[in-house]
Amino acid sequence: MLLTDVCPFTLGIGVNNRANRDKNILNPMIERNSTLPASRKDRFVTVYDYQKEIKIRIYQGEEYYVDDDVLLGELTIEVALRPAGQAWVDVQFTYDINGILHVTVENEMGERRQILLANQTLSEEELEQYAREMEKIMLPPPQQPENQEMLACLLEYYEKSTGRRRETIAALTGRIMAGLASGRKKEIRNARELADQWLTRLRQETDMQEEMLFDGELKFDEEWEEEVD
């Protein structure tokens, strides 16, 4: 049995309600029972023509109307002066196992605002530390340092290989990169496990090159080739 930390409530922002603009509705960013740590990014657009700024209000709760949820904080950022629906901001929520929520808002000009919300009192040093840790969680899997290192190792083996061995590593690398970019936790986990298996095998083969050389190439078991296919 695998035990995981989960988010006990839904976290989101208030968005325009087309049916009644006086009552904004909740747009969930991290839903209740999501496995932690969790991070999600979405894009939101302006409601009015030539709107000067967007105000992001952060809520906690399960109610449809934000007035019935708990307001945690807010961020305001300027946007490009464009017709309604054309100016945009990217909003990212990152929530960790310590109950700390990091919200960032970035406009199309590259300007950024952020806020760190915690259910405990934190010192300035702790806030800075958590902000650095949140930045790691916010990175998409292909850009995370450990995955970058893993892919670099695979590409190094690719560069040093030829023929059938190189083709196999190329197919493997493509499959792993697709898994990391999928955004699905199971596929990301499977991609990492597959990479670990192959890197272990490739390292072992490097240590035993003199025993596995065959017509100038390293031998591969058919079962491994089929797994990549």
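**Overall make-up and local detail**

Modeller: The chain's secondary structure amounts to six helices and 10 strands, where helices (H or I, at least four residues) and strands (E, at least two) are DSSP runs, numbered from the N terminus. This is a predicted model, in which local features need pLDDT of at least 70 and side-chain atom pairs count only at pLDDT 80 or more, while totals for chains, interfaces and linings use all residues. Residues are numbered from 1 along each chain as its sequence is written, and side-chain values use heavy atoms, with hydrogens and water left out.

Biologist: What percentage of the chain is made up of buried residues?

Modeller: Of the 229 residues in the chain, 36% are buried. Buried means under 20% relative accessible area, exposed over 50% and partly exposed in between, with a 1.4 Å probe and protein chains only.

Biologist: And what share of the contacts join residues at least 24 apart?

Modeller: The figure is 56%, taken among contacts in the chain between residues at least 6 apart in sequence. A contact here means heavy atoms within 4.5 Å.

Biologist: Let us turn to strand 7. Is V103 buried or exposed?

Modeller: V103, which lies in strand 7, has a relative accessible area of 0% and is therefore buried. Not counting residues up to four places away in sequence, V103 touches I58, L75, V91, Q92, F93, R113, Q114 and I115.

Biologist: How far apart are the C-alpha atoms of V103 and F93?

Modeller: They are separated by 4.8 Å, although the two residues are 10 apart along the chain.

Biologist: What about N107?

Modeller: N107 also belongs to strand 7, which covers residues 100-107. With a relative accessible area of 2%, N107 counts as buried. Leaving aside neighbours within four places in sequence, N107 is in contact with I77, E78, W88 and V89.

Biologist: Which backbone atoms does the side chain of N107 meet?

Modeller: A polar atom of the N107 side chain lies 2.9 Å from the backbone oxygen of E78. The N107 side chain also reaches the backbone nitrogen of M109, at 3.0 Å. A polar contact is a pair of N or O atoms within 3.5 Å; within protein, one must be able to donate a hydrogen and the other to accept it, and residues adjacent in sequence count only if both atoms are side-chain atoms.

Biologist: You mentioned W88. Which charged end sits over its ring?

Modeller: That of R43, 3.6 Å from the centre of the W88 ring. A charge sits over a ring if NZ of Lys or CZ of Arg is within 6 Å of the ring centre and within 35 degrees of the ring normal. The charged end of K23 likewise sits over the ring of Y65, 4.2 Å from its centre.

Biologist: How many aromatic pairs are there?

Modeller: The structure holds two. One of them joins Y64 and Y65 in an edge-to-face arrangement, 5.0 Å centre to centre with 80° between the planes. Rings of Phe, Tyr and Trp (its six-membered ring) pair if their centres lie within 6.5 Å; planes under 30 degrees apart count as stacked, over 60 as edge-to-face and the rest as tilted. Y65 has 28% relative accessibility and so counts as partly exposed.

Biologist: Where is Y50, and what is its phi?

Modeller: Y50 is in the loop between strand 3 and strand 4. Its phi is near 55°, again positive in a residue other than glycine. Y50 is exposed, with a relative accessible area of 52%.

Biologist: Finally, where is L194, and is it buried or exposed?

Modeller: L194 is in helix 4, residues 185-207. At 7% relative accessibility, L194 counts as buried.
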